[in-house]
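Here is a short note to read alongside the structure. Please keep the sequence open and find each residue as it comes up.

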Amino acid sequence: MILSCQNITKSFGGDVVIKHASFHIEEHEKAAIVGINGAGKSTLLKMIVGELEPDEGIIAVSKDKTVGYLAQNEVIDSTRTIYGEVLSAKQPVIDMEQEIRQMEGRMDKVPEQELEAFMEKYERLVHQFELADGYTYRSEVTGVLIGLGFSEADFSKTQAELSGGQKTRAALCRLLVTKPDLLLLDEPTNHLDMESIGWLENYLLNYKGAVLIVSHDRYFMDKIVSKVIEVFRHQANSYTGNYTAYAQKKAQVRAAELRAYYNQQQEIKHQEEVIAKLKSFNREKSIKRAESREKLLDKMQRLDKPVDELTEIHLRLTPSVTSGNDVIRVEHLAKSFDGKKLFEQVDFSIFRGERVALIGNNGTGKTTILKILNEMLPADAGEITLGTNVQIGYYDQEHQVLHPQKTLFEEISDDYPHLTNTQIRNVLAAFLFTNDDVFKRIGDLSGGERGRVSLAKLMLSEANFLILDEPTNHLDITSKEILENALVHYEGTVFFVSHDRYFINRTATRILDLHEQQVFNYIGNYDYYLEKRDVQRASQLLPKINAGAAAQAAVTDAAAASAKAETGGREDWKQKKMQQAAQRKIEQELRKVEERIETLETEKQELEEEMADPKVAVVSAKVMELHSQLVQKDEELEALYEKWEELTNA
């Protein structure tokens with residue numbers, strides 16, 4: 001075990017973030033921490049590296065083990081070049097190399113009596129140098145830089161010349177080449193394109209140390225981790241397996257908890273009804289039985305209803321009108337900036353009902369294409385033709401369509417003046433903005449909050465063609481899943497840019513790959529694209545789909561599904577009828593038992609009243625006869641009560 005966290009608790013002010021959380025990481029293990037925004041994931045990492053102190057609990061790292069940490073949006077304050085900064089992480093190896101060279105330069109001048117000791121020291125140093133990969137460290141630095149998306153032309157740039165995302169990538173490069181025993185990464189894929197993420201996946205899979213990642217990238221976690229630590233309602237729960245395995249187990253646990261809760265609620269209601277019925281008989285035996293059941297009910301440990309950490313966003317995307325079959329046609333599109341050509345001769349069409357993902361490396365022009373389609377940028381060349389009744393709804397990753405000075409309420413009311421104040425508040429509440437939240441300024445919101453406002457406006461637009469630029473940026477996993485479900489059930493057409501491969505896999509029906517200034521077409525999701533990409537690029541051919549065969553397969557599949565549904569429907573109907581008949585039989589028998597109980601209770605009361613008559617009490621033979629009848633009725637009642645309880649529990 002390289003890391004142990006026991007009963008960790010952390011609060012800020014009066015707000016508890018983590019409470020009695022426990023988990024551990026084994027040497028060489030790859031694990032992920034997941035949870036909604038604000039759950040305390042980054043707080044956990046900061047406590048592990050000592051940037052924050054836990055209020056309670058123990059964090060222990062194995063003796064002599066090194067820990068490396070990359071914070072979100074971390075930057076390096078340095079005047080060095082990118083290459084020089086990353087190379088500086090190898091300073092101990094550089095120092096060894098310099099010492100070796102110096103010793104080699106002095107070797108022929110060492111006195112003979114000192115030569116043996118000198119050579120022993122030299123050989124030890126060379127051995128240490130070899131163990132530290134001293135002969136390959138420069139190529140390692142170059143490989144990491146190129147792998148994470150820097151070109152050799154970038155190597156000579158200083159930190160001041162880099163964007164925020166490039167600075168974070170440079171910090172990640174520097175950390176990776178230090179090779180700590182435990183690597184802590186907070187959202188490492190945020191500023192990487194798909195090829196760089198793929199490179200990082202392979203690097204971490206082969207990394208000899210342990211890795212603990214905070215991430216919302218589900219595809220990335222599926223590839224790398226064998227354990228998921230979920231921070232949920234201040235607790236830490238560990239699940240074995242990758243993200244998909246965790247999600248399945250989590251769903252099973254939640255389903256089991258819900259079943260247990262509803263079963264208990266049903267049992268409580270049933271017992272309360274039984275108690276009320278027993279009391280209604282108004283006899284000593286039935287009242288005692290009712291009291292006994294009440295005591296058992298009071299002792300029952302009540303289960304709380306399982307709830308999600310995040311209130312569900314109510315996202316329903318509904319087009320107001322149906323577009324024509326041809327939604328958009330793009331021909332010979334070209335765009336350059338400052339003499340640098342992004343793309344040219346780009347051709348593609350999108351048809352009604354498709355969900356098309358536009359992918360490619362950073363800087364290839366994906367967002368530019370979306371802005372051209374949305375008339376936010378002019379094209380240098382080409383034609384764009386919209387189909388009949390096409391209404392565009394645009395989601396901008398930079399949220400430039402939002403007005404920073406407006407409040408949330410004004411942002412909605414100004415664009416949709418027909419909505420009442422109550423309707424506006426209801427829409428914002430559906431996206432988790434309640435009470436005074438609606439009067440916050442757009443400019444004061446976090447990236448995730450601005451994303452939710454943009455989604456709210458998208459829903460209100462009732463558009464039939466959605467153009468989305470990185471819609472999952474700043475969203476936690478729960479919010480991503482809500483958006484995915486909304487898009488999958490959307491009856492319009494979607495064209496989107498995303499680096500989220502899990503999101504693409506779940507939503508895309510077709511992929512356009514913008515590569516080397518051209519667009520390549522793949523009919524399928526991201527996994528299909530990976531399978532066909534290299535062959536496609538090499539041949540420079542677009543895939544040809546046998547429409548007739550595909551249509552015939554679809555018809556065959558539909559017919560098979562219909563037949564299966566029909567057969568299954570008949571079986572379900574028979575089963576349902578049998579269950580209904582059995583239930584009616586139980587209800588009829590229950591009514592007969594209750595009627596007999598009431599009759600016997602009445603007869604028993606009459607016998608007791610007769611025995612209490614002074615005239616009867618002096619006739620011993622009559623008393624004996626009445627007592628015998630009472631015993632018989634008590635015995636029958638006892639059997640009936642047991643039968644009644646058995647039937648009510650059926």
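The points below cover a sheet, the cysteines and the nonpolar cores.

1. The model is predicted, and every point below should be read with that in mind.

2. Strands of a sheet pair through backbone hydrogen bonds, either parallel or antiparallel. Inside this sheet, β6 (residues 182-186) and β7 (residues 210-214) run parallel and are joined by five bridges. Leu182 stands opposite Ala210 in β7.

3. How many disulfides does a search of the whole structure find? The search finds zero. A disulfide is a covalent bond between the sulfur atoms of two cysteines.

4. Are Cys5 and Cys173 buried or exposed? Buried means under 20% relative accessible area. Cys5 has 0% relative accessibility, so Cys5 counts as buried. Cys173 also counts as buried because its relative accessibility is 0%.

5. The largest nonpolar core has 99 residues, and Leu204, Leu466, Ile504 and Ile511 touch the most other members. Helix α6 (residues 164-178) gives this core its largest share, seven residues. Apart from this core lies another, of 27 residues, including Ile8, Leu182, Ile229 and Ala236.

6. Ile504 deserves a separate look. Leaving out residues up to four places away in sequence, Ile504 touches Met194, Ala357, Ile359, Phe496, Ser498, Ile511, Asn525 and Tyr526.

Definitions and conventions:
Residues numbered from 1 in each chain as written. Predicted model: local features only at pLDDT ≥ 70, side-chain atom pairs only at ≥ 80, totals over all residues. Heavy atoms only, no water. Pairing = 2+ DSSP bridges. Helix = DSSP H or I, 4+ residues; strand = E, 2+ residues; numbered from the N terminus. Disulfide = S-S within 2.5 Å. Buried < 20%, exposed > 50% of the residue type's maximum accessible area, 1.4 Å probe, protein only. Core = buried A, V, L, I, M, F, W, Y, C linked by side-chain atoms within 4.5 Å. Contact = heavy atoms within 4.5 Å.
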